[in-house]
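Look at the charged side chains in this predicted model.

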Amino acid sequence: MIGEDERVPELLDPADPAFARDPYPYYARLRAQGPAVRVPLANGTHAWLVTGYEQARAVLADPRFSNVPPAAAGRPKPDSPAQRARGCLARHMLNSDAPDHVRLRRLTTAAFTPRRVDALRPRIERLTDALVSEVAGRLAREGVVDLVDAFAFPLPVLVIGEVLGVPEADRADLREWTYRVGSPADALARGAVDEAWAGLHSYFSALIETKRRTPGDDLFSALVHDAREGGLDDGELLAMAFLLLFAGYETTMNLLASASLLLLTHPAEAAAARGGDEARWNAVIEETLRHASPLEGTTWRRTTERVDLGGGAVIPAEDSVLVVLAAANRDPGRFPAPDAFRPARYLTDAERPAPHLAFGHGPHFCLGSRLARIEAAVALPRLFDALPDLTLAADPTELPYRPGLLVRGPRRLPVR
């Protein structure tokens, strides 16, 4: 069984800044041992990491891999208000199986229709134009601007803020809380994660009551109203609010930041995109999603029975499993030159690669993928066309990245 012989995998510490900055060599070494390997984690536990493309697709569509987290996942945690808040907010549909998942997804899909998402485009265009003007003004005044704080973060958080009906003044707190809960506790100050879970629970509890008293035309008001007619219960509403917030801006923020970094470090590709049509920008977006997956890994899964994935990977029942999307999207068995950033490969049928797994696969495929692509398709050409002389103001190998195995993207992107 792979992972139990002499080829013991290296200890994985998701809080290590060097690993967060460039996890791909580790994933390549892991993949060389097999499509799935049992890995020792820095918190004293073990988990199976799936790094092969075909095996990742198989796991994501296989009901034997439950999305309900193992009861003993991670370190034991004492009972506390913060831990109870975490347990409530974690009841979202990504941590559920059928039939609960089917019901929750159906309710959300009914409100997140393609027509409703597409109708946001004019608003996204206006928000983008305003942000680009602000970036240009700050560059003129200050010389250097952090593109994450000034552009990649505010655009998706403004958009998801409108979807949720969240006041703009509250969005900085929400960003800080979601950053903390998506990071390993080892990388933060003591108590910071518990404080964030408690803050999110308190905030969304109050937001639900506000929507009940004075509903707006936002998506979350519609979900709160549906709940009164047999839709989501209060706990599910809290979890849905958290999921929409976290997934609604984190993925898009990382997509915008990573695409900007790739274009800044690949000037020929940036020039081709600027001079190209919508297809070229779409190619940039798809290649960024593959090359720099904004979701590094899926939510954790557990096996409900013994599963043979092939290649010597036999996973016992009740073991923790993580599908590493970032690794699967660089599997050389599916993607020629997987470590190269080549948007042009998407422009011809002869070179078009296999579908990437940036938004998952199977029943838990990301509902927000259409919105993320629209935001990127609007934002990137407007930014790079308006500021054609934009250059990176830092060593790209020293940029900080969020620690962890869930989402991935530069935390800071100084440009001049």
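R352 is partly exposed, at 43% relative accessible area (partly exposed lies between buried, under 20%, and exposed, over 50%; 1.4 Å probe, protein chains only). The side chain of R352 meets that of D349 in a salt bridge, 3.6 Å from N to O. The term means a side-chain nitrogen of Lys or Arg within 4 Å of a carboxyl oxygen of Asp or Glu. D349 counts as exposed because its relative accessibility is 69%.

By this rule there are 22 salt bridges. One of them joins E54 and R334, at 3.3 Å from N to O. This pair links distant parts of the chain, 280 residues apart. E54 sits in helix α3 (residues 53-60), while R334 lies in the loop between α16 (325-328) and α17 (369-386). Helices are DSSP runs (H or I, at least four residues), numbered from the N terminus. E54 is partly exposed at 40%. R334 is partly exposed at 35%.

Now turn to helix α10 (residues 171-181), which holds both E176 and R180. They are four residues apart, about one turn of the helix. Their salt bridge brings the closest N and O atoms to 2.9 Å. E176 is partly exposed, at 37%. E195 joins E176 and R180 in a network of salt bridges.

Residues are numbered from 1 along each chain as its sequence is written. The model is predicted, so local features need pLDDT of at least 70 and side-chain atom pairs count only at pLDDT 80 or more, while totals for chains, interfaces and linings use all residues; side-chain values use heavy atoms, leaving out hydrogens and water.

Notes
Helix = DSSP H or I, 4+ residues; strand = E, 2+ residues; numbered from the N terminus.
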